[in-house]
Amino acid sequence: MAKYKAAIIEIGVMVDELLRQGILILFDKTAPPELQEISVVHTGASLEEDVEVGDLVVLGDFSYKVTAVGEIANRNLRNIGHACLKFDGRNLPELPGDIHLYGGELPFSLKKGDVIIIKDEKKIVFLSLFYKLIGR
């Protein structure tokens, strides 16, 4: 059911500074060192379906609802494991590579080994209701 699932392998030295501004940058392990300094570096994964408004982004123990997706965000995530997550709940993307999120506190306690998951919340709700109807 996950559209994307990767494990965090490194947290750049400047991540907390950007996170205080409501921004979290993701890159897979192929990113050059200067980008890894500002990024949460992950194992990379295959993007099974495009990220869409209403999807759920899970970062370790934190969950957020996608409120906007920039026009090149899915291509970036698919090709280089890159996304610029902005925790501002905007309904329209600020920049073409942005994914805007809403919900909860900022994920300052992310650590190596935590998992990044993007999933279709609508499918989860539908399947949950379906299984209740058939008695599972």
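## Salt bridges

A salt bridge is taken here as a side-chain nitrogen of Lys or Arg within 4 Å of a carboxyl oxygen of Asp or Glu. By this criterion Asp-50 and Arg-78 are joined through their side chains, with an N to O distance of 2.6 Å. Asp-50 lies in the loop between E3 and E4 and Arg-78 in helix H3 (residues 73–80), so this pair ties together parts that are 28 residues apart in sequence. The model is predicted: local features need pLDDT of at least 70 and side-chain atom pairs count only at pLDDT 80 or more, whereas totals for chains, interfaces and linings use all residues. Residues are numbered from 1 along each chain as its sequence is written, and side-chain values use heavy atoms, with hydrogens and water left out.

The whole structure contains 7 salt bridges. Another of them joins Glu-52 to Lys-3, with the closest N and O atoms 3.9 Å apart. Glu-52 belongs to the loop between strand E3 (39–42) and E4, and Lys-3 to strand E1 (residues 2–11), so the contact ties together parts that are 49 residues apart in sequence. Lys-3 and Glu-52 also form a salt-bridge network with Asp-55. A further salt bridge links Asp-114 and Lys-111 at 3.1 Å, N to O.

## Accessibility of the charged residues

Residues are classed by relative accessible area (1.4 Å probe, protein chains only): buried is under 20%, exposed is over 50%, and partly exposed lies in between. In the pair formed by Asp-50 and Arg-78, Asp-50 is partly exposed at 38%, and Arg-78 is partly exposed at 39%. Asp-114 is buried at 12%, whereas Lys-111 is partly exposed at 44%.

## The barrel

Helices (H or I, at least four residues) and strands (E, at least two) are DSSP runs numbered from the N terminus, and two strands pair if DSSP finds at least two bridges between them. The strands form a closed barrel of 8, in the order E1-E3-E2-E6-E7-E5-E4-E8, with mixed pairing. Neighbouring strands of this sheet are turned by 35 degrees against each other on average, direction ignored; the axes are lines fitted to C-alpha atoms, with angles running from 0 to 180 degrees between N-to-C directions.

Strand E4 (residues 56–59) and strand E5 (residues 62–69) run antiparallel and are joined by 4 bridges, with Val-57 opposite Tyr-64 in E5. Strand E2 (residues 23–28) is likewise antiparallel to E6, through 4 bridges, and Leu-26 has Ala-83 in E6 as its bridge partner. E6 and E7, by contrast, run parallel and share 3 bridges; here Lys-86 stands opposite His-100 in E7. Ala-83 and Leu-85 point one way from E6, and Cys-84 and Lys-86 the other way, all of them buried.

## Helix H3

The buried residues of H3 are Ala-73, Asn-74, Asn-76 and Leu-77. These residues cover an arc of only 165 degrees around the axis, which puts them on the same side of H3; the arc is that of the directions from the helix axis to the C-beta atoms. Among the elements covering the buried residues of H3 are E1, E5, strand E6 (83–86), strand E7 (98–102) and strand E8 (115–119), where contact means heavy atoms within 4.5 Å. Gly-81 follows H3 and has a positive phi, near 65 degrees.
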